[in-house]
Amino acid sequence: MSDSNQAEHEQISTSLEVEQLDSNLFRSKSLWVPANARGVFGGQVISQALVSATNCVNPNFGLHSLHCYFLLSASPATAIIYHVDRVRQGRTYATISVRANQNGRTVFVLMCSFQKPEPWQPSHQWPMPHVPGPGDCEDEEVRLLRMAESTTTSREKKLYQDALKERAKSPVAIKRAKEHHVAADGTVVYMHWIQARNIPKYEAPFQKCILSYISDLNFISIVPKILGLKRFGKGPNGISMTSSIDHSIYFYNDDFDCGDWLLYVVSSPRSGSGRGVVHGRMYSQNGSLVAVTSQEGVVRANIQGPKDSNVNAKL
């Protein structure tokens, strides 16, 4: 992994940049692996694939939804090639698929749909929860520094210090609004403010690509928290693995700016069998529900299952 790729990650516009090789063929310019991660950050792969798709659609059509699957961990050592297929062009909707290949293998697939906006149609939305504003919430860096200073083991201290260095360089700022909030019906909700740092006011198509990037932050990771699994725990109380399986986003607003603070409201209705699902809602500060997100991921505790005594059996 080159240092230049990691440096470029500090600018979100560079992280999303792809090189067009042909009318339907694009190549990544930089790839970033988070600390202690198994491969390239999923949000970066989503957003680069989406930039590729957006370059292949009529600009009169705006992105309204995407659905994708992470098939293999991507390596930062080799560029990802994005193959775009213009599946359907209708009068109101257009469908695009993107296949991401690396070293001859498909690592990621994306389906996205674009629509000619119909603002004259009726609408409704769930209201934004009442939380402290971003100005009243501490930066994630402050929390990580406090954790690093309060821990008593060298292993935990190093992990918090590494996370702090990475967070300070991140192109995305995060502030926790409410942590493990238990609603009256027992639903556990996590809420944080999120913002792309130091970006100009981009047009809606690129804003949606940026939102796709940041939507993968602090998302599936709430499932082990709800389960009571600990990063430094052992046995059934420890985290063995978390990894994204799929990701979906539905956009309902073109008038938002990822350079301003967005409130990300995340809950997990179900987990089990080594998997968990999370649902998210992103609100602008004026209370407009900008996007609805969903993701399923592998979430495993450090528990060994029974050995398969019939490995040769056919399905």
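**Pocket notes**

I started with the lining of the second largest pocket, where β13 gives the largest share, six residues. I am working from a predicted model, in which local features need pLDDT of at least 70 and side-chain atom pairs count only at pLDDT 80 or more, while totals for chains, interfaces and linings use all residues. Residues are numbered from 1 along each chain as its sequence is written, and side-chain values use heavy atoms, with hydrogens and water left out.

I noted a volume of about 1100 Å³ for the second largest pocket. Closest to its centre, among the 35 lining residues, I found H124, F251, Y252, L289 and V292. Two or more lining residues come from each of β3 (62-70), β8 (188-196), β10 (246-251), β11 (262-272), β12 (275-284) and β13 (289-301). I sorted the lining into 17 nonpolar, 14 polar and four charged residues.

**Cysteine notes**

How many disulfides does the structure hold? I found zero, taking a disulfide as a pair of cysteine sulfur atoms within 2.5 Å. C56 is in no disulfide, and its nearest cysteine sulfur, that of C112, is 9.6 Å away.

Is C56 buried or exposed? I put C56 down as buried because its relative accessibility is 6%; buried means under 20% relative accessible area, exposed over 50%, and partly exposed in between (1.4 Å probe, protein chains only). C68 also counts as buried, at 2% relative accessibility.

Technical notes:
On a 1 Å grid over the protein atoms alone, a cavity is a set of points where a 1.4 Å probe fits but cannot get out, and a pocket is an open set with protein on both sides within 12 Å along at least five of seven lines; lining residues have an atom within 4 Å of a point. Grid points are joined across faces, edges and corners, and a volume is the space filled by probe spheres set on the points. Helices (H or I, at least four residues) and strands (E, at least two) are DSSP runs, numbered from the N terminus. Ala, Val, Leu, Ile, Met, Phe, Trp, Tyr, Cys and Pro count as nonpolar, Asp, Glu, Lys and Arg as charged, and the others, Gly among them, as polar.
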